Amino acid sequence: MSRCDLSDDIGQSEDSPEQVLTASTWLRKKGTGIRAWMVVDTMGKAHVVEAGKHAIMRRTGLPARDLRILDPILSYPSTILGRERAIVINLEHVKAIITAHEVLLLNLRDPSVTPFIEELQRCLLSHHHASKHQEGNGDGSNGKNLYELDIPHESRVSENRDESSKVEGKRDIENQDGSAVLPFEFVALEACLEAACSCLETEARTLDQEANSALDKLTSTISTLNLDRVRHIKSRLVAITGRVQKVRDELENLLDDEEDMAEMYLTEKLVHQNLEDSSDSSMNEIDEMVDEASQSDMHDRMMPPEISLQTGGCSNVYKGGHNPDNPGGNRTSTSHSGGNKNLDVKELEMVLESYFVQIDGTLNKLTTLREYVDDTEDYINIMLDDKQNHLLQMGVMLSTATLVLSSFVVVAGIMGMNIRIELFEDQVLGPKKFMWTIGGSTAGSIFLYVFAIALYKRKRLLEW
């Protein structure tokens, strides 16, 4: 890959290398926002250029606000914009500008962009070979590139009509298997959508595997480590669901708006524009030839002023030429006006619908995973509530036992006082009465405890 400098007017200047280097250094010092762009042409060849914002705006015809969408520093949601001369794509790691004859890629330092560039080159090369193969089999283009932009401006009206018939037939080119060959911008757009949707689907599949393993472990063993793993997985799930939802919403909004889809037919609009320019040029040449012929004819048949005023003079000449009241002279350009509004958007609609179904399936998978996480959380909460109920029941039983033992302690406290009672005075019956007192207190405590537990069960305070 070669590197060149297209910043502002430096790349097109014919100054010496020292002057170009000095100007480039001055622009870098001024901070004009020069970035490295990967440019991929129709044949899949890629090279890196360094260009500033204004150079890219002149090259693609985009306003500055559309270039801000591709700024890696700024955080913009997933966006697909169709403009007059370019398509702006900001999907995940794919930040690209698609024109009718090249693709400009940003964010080259991202490791995930390298596989996408290789896949894009492969798709564009296959598309180029398919287009050349079909053109070489006799589609009437005489081996010309399907998206060649050098349409001669000196062609005549008859040649323009033949060329317009060829253009109308370009959209009917088919592969050997019967599938239609898409325009260049749709092939590049499909590669961008494939990269973004595949990346999201891979992340969703990986997250699904990790989540199932972590949730199973948490279900079997409730621990702090397992709970922390599930918490991280849930955070990732929320983040990736939001990203997938944004891409799905963007595709859905684009499918609902046929005018936006019609704006993405860049090759068709460019060909129609060139045909209009060539037809206008040829009509101007015809008008000039008619004017010259009429002037020479008038010069040969000079008439007196009074006769020319009565007969109308050269007014009849304008009837055969470019008369403002006769719109026939603009018929060719009028037939191509509003071409992008009357386009059949079925081709683009089929491309977008396929990836809309894919991203919708990814979203459904994430939704199912979210429901599984919620169900597991409910199950864990139920288990924790059950354990908490057991702990509460154990607390009730221990509290009751403490209360019963406290009554027994009262008896022992009374008997431990230094007071004179008959139980301590009788040396013969004293020990026997003491044992009856201890036994009666123990039996009474046990009876009270059993009675309290039975009462709790009757009141449904304890369940086993």
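This is a predicted model: local features need pLDDT of at least 70, side-chain atom pairs count only at pLDDT 80 or more; totals for chains, interfaces and linings use all residues.
The UniProt record, in an unreviewed entry, places a "transmembrane region" at residues 391-414 and another at 434-456. That other span, residues 434-456, is likewise 100% helix and 0% strand, and its end C-alpha atoms lie 33 Å apart.

Let me move to the aromatic rings, of which the model holds 2 pairs. Why do we call the pair of Phe 186 and Tyr 265 edge-to-face? The ring centres are 4.7 Å apart and the planes meet at 85°, and since planes over 60 degrees apart count as edge-to-face, the pair falls in that class. This pair links distant parts of the chain, for Phe 186 sits in helix H6, residues 184-220, while Tyr 265 sits in the loop between helix H8 and helix H9, 79 residues apart. Are these two residues buried or exposed? Phe 186 has a relative accessible area of 1%, so it counts as buried, and Tyr 265, with a relative accessible area of 1%, is buried as well.

The other pair is made by Phe 447 and Phe 451, whose ring centres are 6.4 Å apart and whose planes stand at 20°, so this pair is stacked. Both residues belong to helix H15, residues 430-458, and because they are 4 residues apart there, about one helical turn separates them. Phe 447 and Phe 451 are both exposed.

If we take Leu 120 and leave aside its neighbours within four places in sequence, we find it in contact with Val 40, Val 103, Leu 105, Ala 188 and Ala 191.

Finally, a word on confidence: the mean pLDDT of the protein is 74, and 66% of its residues reach 70 or more. Over residues 1-31 the pLDDT stays under 50, and the model has 43 contacts beyond four places in sequence for that stretch. Residues 302-341 also have pLDDT below 50, with 21 contacts beyond near neighbours in sequence.

Technical notes
Residues are numbered from 1 along each chain as its sequence is written. Side-chain values use heavy atoms; hydrogens and water are left out. Rings of Phe, Tyr and Trp (its six-membered ring) pair if their centres lie within 6.5 Å; planes under 30 degrees apart count as stacked, over 60 as edge-to-face and the rest as tilted. Helices (H or I, at least four residues) and strands (E, at least two) are DSSP runs, numbered from the N terminus. Buried means under 20% relative accessible area, exposed over 50%, partly exposed in between (1.4 Å probe, protein chains only). Contact means heavy atoms within 4.5 Å. UniProt positions are given in the numbering used here, feature names are shortened, and annotations may be inferred rather than shown by experiment. pLDDT is the predictor's confidence in each residue, from 0 to 100.
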